[in-house]
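Biologist: I have a new structure to look at with you. Could you walk me through how its side chains pair up?

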Amino acid sequence: NGNQRKYPLNEISAAVDNLNSRIKGGYTIFGELNHPENLQIDLNNVSHIITEMYMQGNNAIGKAKILDKHPKGQIVKAILEGGGRLGVSSRGTGNVNEGVVSGFGIVTVDIVATPSAPNAFPNLVMEQLSNNKKIMTLAESVIHDDNAQKYFRKELSSFFGLS
């Protein structure tokens, strides 16, 4: 990665499995906006909660919920809504010997401007949209119905606060 460290696949996989087990066991994995200088979670800097992690090939994949009622979550939301691109970076422990990491453990995954891992820029998924049944029903109808297209535009405008 950009930190000139090598993380063997078995180390990443074990760390991801451990983190996901903690999540499934009811442990809340808070993430912060930016990496702090230590491994402690500072609730004043929390911007999101990691809800899931798993391996997909050689990549650790995760999901997070932005805490848009928390000041740091509001910053993240504003950057994303403004068209900014944010990255993610794991914060963890381990031993480094000649640049190779062993005994890797993930404490959390933080939101950063410049991630050290290549392509660590997550896709934004607006689950609110998929949970709005009125919009989804209209979206299905809009394909074949001119009147539905009119109402669909109206509902989307309302949803995004444009009306």
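Modeller: Happy to! One term first: a residue is buried under 20% relative accessible area, exposed over 50%, and partly exposed in between (1.4 Å probe, protein chains only). Please keep in mind that this is a predicted model, where local features need pLDDT of at least 70, side-chain atom pairs count only at pLDDT 80 or more, and totals for chains, interfaces and linings use all residues. Residues are numbered from 1 along each chain as its sequence is written, and side-chain values use heavy atoms, with hydrogens and water left out.

Biologist: How many salt bridges does the structure hold?

Modeller: A salt bridge is a side-chain nitrogen of Lys or Arg within 4 Å of a carboxyl oxygen of Asp or Glu. Counted that way, the number of salt bridges in the structure is five.

Biologist: Which strands do K63 and E52 lie in?

Modeller: These two side chains meet in a salt bridge, with N to O at 3.7 Å. Strands are DSSP runs of E with at least two residues, helices are runs of H or I with at least four, and both are numbered from the N terminus. The pair links distant parts of the chain, 11 residues apart: K63 is in strand β3 (residues 59–66) and E52 is in strand β2 (residues 46–56).

Biologist: Is D68, the partner of K77, buried, exposed or partly exposed?

Modeller: K77 and D68 form a salt bridge, and their closest N and O atoms are 3.5 Å apart. D68 has a relative accessible area of 26%, which lies between the two cut-offs, so D68 is partly exposed.

Biologist: Which helix holds both K77 and E81?

Modeller: K77 also forms a salt bridge with E81, where the closest N and O atoms are 3.9 Å apart. The two residues are four apart, about one turn of the helix, and that helix is α2 (residues 71–81).

Biologist: Is the ring pair of Y7 and F104 stacked, tilted or edge-to-face?

Modeller: Rings of Phe, Tyr and Trp (its six-membered ring) pair if their centres lie within 6.5 Å; planes under 30 degrees apart count as stacked, over 60 as edge-to-face and the rest as tilted. By this rule there is one aromatic pair. The ring centres of Y7 and F104 are 5.0 Å apart and their planes are at 70°, so the pair is edge-to-face.

Biologist: How many residues apart in sequence are the parts that this pair ties together?

Modeller: Y7 lies in the segment before α1 (9–24), while F104 is in strand β5 (residues 100–112). The pair therefore ties together parts whose separation in sequence is 97 residues.
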